[in-house]
Amino acid sequence: MISLSGQLYDGGERVAKTNQLIARVGEVKYRYRQTLDQLEQDIEDSARILRTANEKRASIAERIAASTSVVNLYQQQFEAGTRTIFELLDAQRELFAAKGEQITSRFEVMRASYSAAMLNGNLADVILGPHT
């Protein structure tokens with residue numbers, strides 16, 4: 001004689017658990033896609049910042065060179081009595097602003113480089129140096 005035991009009716013518990021697992025898998029897939037999209041956006045942002053900062057670098061250097069020449073010229077003219085102190089100070093302020101912009105640009109490049117290294121998974125190598 002063969003005997004078999006089990007539940008014939010579980011009140012929908014099996015279907016509910018299956019649906020719950022399907023919902024959890026869907027949620028995990030959605031979060032995964034969101035994370036990938038955010039990572040892609042972060043990589044694009046880092047690349048854009050680097051590209052823009054490198055494009056600005058040359059124009060900032062030219063601006064500093066021109067401002068330095070103007071300050072030197074205005075200094076000579078001020079000493080000769082043909083320029084006022086205010087004109088000299090304005091030229092110096094312009095040079096100072098250009099140098100400040102250069103520092104800001106360098107910082108943006110460093111931050112974007114570190115961000116790109118972090119996104120690529122090699123931030124420790126960039127900061128600490130490669131393993132020997």
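Q: A helix is a DSSP run of H or I with at least four residues, a strand is a run of E with at least two, and both are numbered from the N terminus. In which helix is the place of Leu36?
A: Leu36 has its place in helix 1. The model is a predicted one, in which local features need pLDDT of at least 70 and side-chain atom pairs count only at pLDDT 80 or more, while totals for chains, interfaces and linings use all residues. Residues are numbered from 1 along each chain as its sequence is written, and side-chain values use heavy atoms, with hydrogens and water left out.

Q: How many helices and strands are there in the chain?
A: The chain has three helices and zero strands. Read along the sequence, this gives the pattern α-α-α.

Q: Why does Leu36 count as partly exposed?
A: Buried means under 20% relative accessible area, exposed means over 50%, and partly exposed lies in between (1.4 Å probe, protein chains only). Leu36 has 38% relative accessibility, so Leu36 counts as partly exposed.

Q: Why does Ser105 count as buried?
A: Ser105 is in helix 2. Its relative accessibility is 5%, and therefore Ser105 counts as buried. Contact means heavy atoms within 4.5 Å. Leaving out residues up to four places away in sequence, Ser105 touches Ala53 and Ile60.

Q: What makes Ser46 buried?
A: Ser46, in helix 1, has a relative accessible area of 5%, so Ser46 is buried. Not counting residues up to four places away in sequence, Ser46 touches Ala112, Ser115, Ala116 and Leu119.

Q: Why is Glu108 called partly exposed?
A: Glu108 belongs to helix 2. Its relative accessible area is 23%, so Glu108 is partly exposed. Glu108 touches Ile49 and Lys56, with residues up to four places away in sequence not counted. Its C-alpha atom is separated by 9.9 Å from that of Asn54, 54 residues apart along the chain.

Q: What makes Arg51 partly exposed?
A: Arg51 is found in helix 1. The relative accessible area of Arg51 is 48%, and therefore Arg51 is partly exposed. The C-alpha atoms of Arg51 and Arg106 are 12 Å from each other, and the two residues are 55 residues apart along the chain.

Q: Which residues make up the largest nonpolar core?
A: A nonpolar core is a set of buried Ala, Val, Leu, Ile, Met, Phe, Trp, Tyr and Cys residues joined through side-chain atoms within 4.5 Å. The largest one has eight residues: Ile60, Ile64, Val71, Tyr74, Leu88, Ala91, Leu95 and Ala98. Helix 1 (13–80) and helix 2 (85–120) are the elements that give two or more residues to this core. Leu88 is in contact with Val71, Tyr74, Gln75 and Phe78, leaving aside its neighbours within four places in sequence. In soluble globular proteins, nonpolar side chains tend to be buried together.

Q: What percentage of the residues of the chain count as buried?
A: Of the 132 residues, 12% count as buried.

Q: What percentage of the contacts in the chain with a separation of 6 or more comes from residues 24 or more positions apart?
A: Residues 24 or more positions apart account for 63% of those contacts.
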